[in-house]
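Thanks for opening this one with me.

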Amino acid sequence: MTAYLLKRLLIGLATLVVASLVVFGVLEILPGDPARLMLGFEATEDAIQALRVEMGLDQPLLWRYLDWVGGLLTLDFGRSYTYSVPVIDLVSERVVVSLPLALIALTLSTAIAIPVGVFSASRRGRPADTISMGAAQVGVAVPNFWFALLLIYVFAVWLRLVPAGGFPGWSAGAWPALKALMLPAVALALPQAAILARVTRSALLEVLGEDYIRTARAKGMPRRTVLWRHALRNAMIPVLTILGLQFAFLLAGTIIIENVFYLPGLGRLVFQAITQRDLIVVESVVMLLVASVIVVNLLVDLSYALVDPRLRVNR
Amino acid sequence: MSLLEIENLSVEIDGTPILRDIDLTIDQGEVMGLVGESGSGKSITALTVMRLLPYAARAAGRVSFNGIDILAASEDQMCALRGDDIGMVFQEPMTALNPVKTIGEQVAEGIRWHTRANRADAEAHARRILDRVGLPESKFPLSCYPHELSGGQRQRVVIAIACALKPKLLIADEPTTALDVVLQKQILELLRDLVDENRMGLLLISHDLAVVTDMADRITVMRHGEVMESGDTARTLSEQVHPYTRQLAQASMHVPVRAKPHGVSGSGEMLLEVKNVSRDYPGRRTSFLRKAEPLRAVDNVSFSMRPGQSTALVGRSGCGKSTLARMILALDKSTAGEIRFTGETLTGKDEAALKPARRNMQVVFQDPYGSFNPRHKVERLVAEPLHLLEKKPNSAERREKVAAALHEVGLSPRDMDKYPHEFSGGQRQRLSIARAIITRPKLVVADEPVSALDVSIRAQILDLFADLNSRLGVAYLFITHDLTVARAITDDVMVMHEGKIVESGRTNDVLDHPQSEAAKALVAAAPDLHRAIARRLQEQG
C-alpha cells in the first residue's frame with residue numbers, strides 16, 4: 001500500500017515538473033514581449049529595455065525558469081503585467097469563488113447521479129429505466145449555458161428566489177454568497193450528473209452479470225440488497241475515474257457559466273489574462289490547475305486502492 | 001416424499017424450449033449425479049430449483065422442495081430458502097467470489113442474513129465452517145481477500161458459503177471442472193463428507209462420467225433438454241441399456257487408433273532438445289528495501305523429442321507446464337539453459353532470426369472461444385501463420401492452403417467465409433488445429449486442447465490429433481492434467497512438479513507404475529470410469 005502510494009506520488013511529481021517545462025516553454029515561444037505590452041506602443045526602446053531588466057527578462061532561459069519555479073514553490077507568483085498587483089492576490093480572490101463552486105457542483109452531481117444510476121440499473125429495460133436514461137441523454141446533449149439561462153429565468157426572474165448573477169463576496173456573509181453560487185452550481189452539475197448516471201448504470205449492469213453476484217443471490221439476499229452490497233462497490237472504479245475528470249473540468253472549464261452568471265472565477269481570470277497577454281497570470285493559473293488535477297488524480301488513485309484490495313498489492 | 005421432486009419440468013427462454021418434461025428426485029443424504037454434454041440443460045435445471053433463471057425464462061411443471069412448491073413460491077420465500085435450506089456451488093471458483101470483500105465477510109454475510117446473528121457470532125460461525133472445509137485460521141484468516149487464494153482454496157470458500165447453514169440440499173454445478181485432478185479429488189471428498197455429516201441431499205452436475213460415478217448413488221443422463229435415462233449409478237453405467245448412455249461412456253474412454261505409435265524410430269536428429277532450462281519470475285517484495293526473492297517457475301528442466309513423437313507434459317496447475325511450453329515456443333525468454341529446435345538454438349535469438357523456427361512449430365490453446373478474433377473471417381484466422389513463410393502466398397494460393405488445411409481437419413472449404421461465432425466449440429478447436437498445421441509444422445504444442453470440450457467432441461478431436469500425427473508426422477507436446485488424454489494420444493509422458501520434471505518414460509509404464517510422489521498423487525486422483533464402475537459394483541456386492 002505504501003509502495004503504491006509512493007509510486008503514485010512520484011509519478012505525480014514528475015508530471016508536475018514536465019508540465020512546468022511545457023507551460024514555461026510554450027509561453028516562451030509565443031510572440032509578444034510582456035515589457036513592450038505593459039508600456040504600450042509609444043514607449044521608447046530604452047524604457048522597454050529598462051523594464052525588461054527590472055522584470056528579469058534579460059536573464060538566461062534556465063535561470064528564469066528556476067526563478068519562476070522557485071517562486072511557485074514559495075507562493076510568490078510574481079506581479080501581473082496588466083494590473084501590477086501580485087498574481088497570488090488575483091488568483092486567491094478567484095479561487096475562493098471557483099473552488100466552492102466546483103465542490104458544490106460535484107457534490108450535487110454525485111448526489112443525483114449515483115442514485116439515478118442505481119435506480120436505472122436495478123430496473124433495467126423497464127419504463128423507469130428508459131425514462132431516467134432518456135432524461136440523462138437530454139442532460140448530456142443540452143449545453144450547460146442553456147440550462148443556466150433556463151434556471152435564471154425560472155428561479156431568478158420568475159420566482160425571484162436567488163440573484164440572477166454576480167457574487168457579493170464571502171465578506172457579505174456565507175448565505176448570500178452560497179445563494180449566488182446555487183444556480184451556477186446546478187447548471188454545472190446537471191450535465192455532469194447525466195454523464196455520471198449513465199456511467200454508473202453501465203458499470204453496474206456489467207458487474208451485475210458477474211459470477212459473484214449469482215453467488216450472493218444464492219446466499220438468499222434479494223436483488224436490491226445484492227446490488228447495494230456487492231455490485232455498487234465493484235462498479236465504483238469507472239465512476240471514480242469520471243468524477244476525477246469532472247472535478248478538473250469544474251475547476252477551470254467553467255468560463256461560460258461564469259460569464260452567464262457574471263461570477264469572478266478562475267476561468268474568467270485566465271480568459272482576460274490571455275486576451276491581455278498577461279502571461280505571468282496565465283502561467284500561474286495553468287500551473288495551479290495542473291497541480292490540482294494531479295492532486296485529484298492522486299486522490300482518485302488512492303480511492304481505487306480503497307475500493308479494490310487487489311490494487312493494494314505491491315507490484 | 002423425497003426432499004426434491006421435479007416433475008414434468010419444462011423451461012423455455014424467449015420462446016425457445018430449453019427443458020422438456022424433466023423428472024428428477026433427490027432424497028435426504030442422497031447424491032444424485034446429473035450428467036450430459038454442454039447445452040443439455042443441466043445448469044438450467046439447477047437454476048430452476050434455485051429460481052435464479054434468467055429474466056426471459058418461463059418454467060412450467062412442478063418443482064417441490066421439502067413440500068414447498070418452488071415455482072409458485074414468492075420471491076421472499078425463495079430468499080428464505082436460498083443459502084439456508086438450499087446451497088449452491090458454482091463451476092468457476094476464480095470469479096465466484098466478490099473481489100472487494102474479505103472471505104470472512106462473504107461467509108458471514110449469509111449467516112447473518114438468515115440467522116440474524118450479530119457480527120461476532122456470525123464471524124465465529126464463519127471461522128468454524130472455514131476450518132471445516134480445510135482453510136485453517138493460521139493460514140487463512142477471515143481478513144483474506146479472494147485474490148490471495150488459489151482456485152481450489154476459493155472453491156472451498158464457495159463451499160463454505162453454501163454449507164454454512166447446513167442446507168438440506170446442495171447443488172454443485174461442475175464444482176471441480178476448473179480444478180486440477182488432485183484438487184478435484186480433495187473437493188469431491190469434502191463434498192462427500194459434508195453429505196454424510198449433515199444428511200444433505202447433493203445434486204452433482206458434471207460432464208465427467210467418471211466423477212459422477214465415483215460420487216453419485218443415482219444418475220440422471222440428459223441430452224438436448226430431456227432426460228435420457230436415470231437410475232442406480234452402477235447399474236446404469238455397467239449395463240448401458242440406453243444408447244446415449246453407452247455413447248457417453250464410450251466417448252469418455254475413447255482411445256484413438258494410431259497407425260504409427262512411438263513416432264519415427266531410429267537415431268536420427270532430435271527435433272527438440274531442452275537443456276537445463278529455468279525460468280525465474282520476479283517475486284513479490286516483502287519489504288521496501290530488500291530485493292524480492294525470485295520465484296522459480298521452471299527449474300533446470302532437460303528433455304528431448306524425436307520427429308513425430310507425441311509426448312505428454314502432465315502436472316498439477318501451477319507446476320510450470322505452460323511456462324515451459326511458452327519458452328519452447330519462444331514466447332517467453334528462459335532465465336538459464338538452452339533450447340534447440342531442429343538443430344538450431346532458439347534461446348537468445350531475436351524475432352527475425354526465430355522466423356524459420358516459428359514456421360515449424362505451432363500452438364493449439366485450450367479455449368476455442370477466446371483464441372480467435374471474432375471480427376475476422378475463418379480464411380484470415382486460419383491463414384495467420386502464413387506470414388512466416390519465406391515467400392508470401394498470393395490470395396489464390398492463400399485460399400488454396402486454407403482450404404487444404406480445413407479439409408485436413410474435417411471442415412469444409414466453404415467454411416472459409418464464415419465467422420468464428422458460427423461454429424460450435426468442437427468445430428472451433430478444429431479451426432485452431434487447422435491454423436496450427438497450415439505451415440506444415442514439425443511440432444505442435446497443444447495446451448489442454450480438449451479439456452474445454454464435451455466427451456464426444458473430445459473423442460473426435462483426439463482422433464483428429466492421432467490422424468494428423470500419423471499422416472503428417474507432426475510431433476506433439478500435449479500439456480494436460482487429464483491422464484486419460486495423455487494415455488490416449490501420447491507415447492511418452494513427463495510428470496512435472498514444482499518446476500521440475502520428476503518422472504518420465506513411456507506413457508503406459510509411468511501411469512501404470514508411477515514412482516515419484518507427484519506422479520502417484522496424479523494417478524490416484526485421476527478419475528477413471530472403469531475403476532469407478534468396478535468399485536461401485538463391488539460395494540453393492
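**Notes for a first look**

1. Let's start with one residue pair: B:Glu5 stands opposite B:Ser64, which belongs to strand E4 of chain B. Please keep in mind throughout that this is a predicted model.

2. That pair leads us to two neighbouring strands. Strand E1 of chain B covers residues 4-13 and strand E4 of chain B covers residues 57-65; the two run antiparallel and are joined by 8 bridges.

3. Now step back to the whole sheet. It is an open sheet of 4 strands in chain B, with the order E2-E1-E4-E5 and antiparallel pairing. At its edges you will find strand E2 (16-26) and strand E5 (68-69) of chain B; each has a single partner strand, so one side of each is left without a neighbour in the sheet. As background, strands of a sheet pair through backbone hydrogen bonds, either parallel or antiparallel.

4. Next, a pair of helices in chain B. Helix H6 (residues 181-198) of chain B packs with H18(B) at an angle of about 55°, and their axes are 8 Å apart.

5. By type, the residues of the contact of H6(B) with H18(B) are 5 nonpolar, 1 polar and 1 charged.

6. B:His513 sits in the loop of chain B between helix H17 (507-512) and helix H18 (517-525). Is B:His513 buried or exposed? With 11 other C-beta atoms within 10 Å, B:His513 is exposed, because a count of 12 or fewer places a residue in that class. If you look for B:His497, B:His513 and B:His497 are 16 residues apart in sequence and 17 Å apart in space, C-alpha to C-alpha.

7. Finally, have a look at where the two chains meet. Here 21 residues of chain A are in contact with 28 residues of chain B. On the side of chain A that touches chain B, helix H9 (211-218) and helix H10 (223-252) of chain A are the elements that give two or more residues. H9(A) gives the most, with 7 residues. The residues on this side of chain A divide into 8 nonpolar, 5 polar and 8 charged.

Technical notes: Residues are numbered from 1 along each chain as its sequence is written. Chains are lettered from A and ligands numbered from 1 in the order in which they are written. This is a predicted model: local features need pLDDT of at least 70, side-chain atom pairs count only at pLDDT 80 or more; totals for chains, interfaces and linings use all residues. A residue is buried if 20 or more other C-beta atoms lie within 10 Å of its own, exposed if 12 or fewer, and partly exposed in between; C-beta atoms are placed from the backbone. Two strands pair if DSSP finds at least two bridges between them. Two residues are in contact if their C-beta atoms, placed from the backbone, lie within 7 Å. Ala, Val, Leu, Ile, Met, Phe, Trp, Tyr, Cys and Pro count as nonpolar, Asp, Glu, Lys and Arg as charged, and the others, Gly among them, as polar. Axes are lines fitted to C-alpha atoms, for helices over the stretch in contact, and angles run from 0 to 180 degrees between N-to-C directions.
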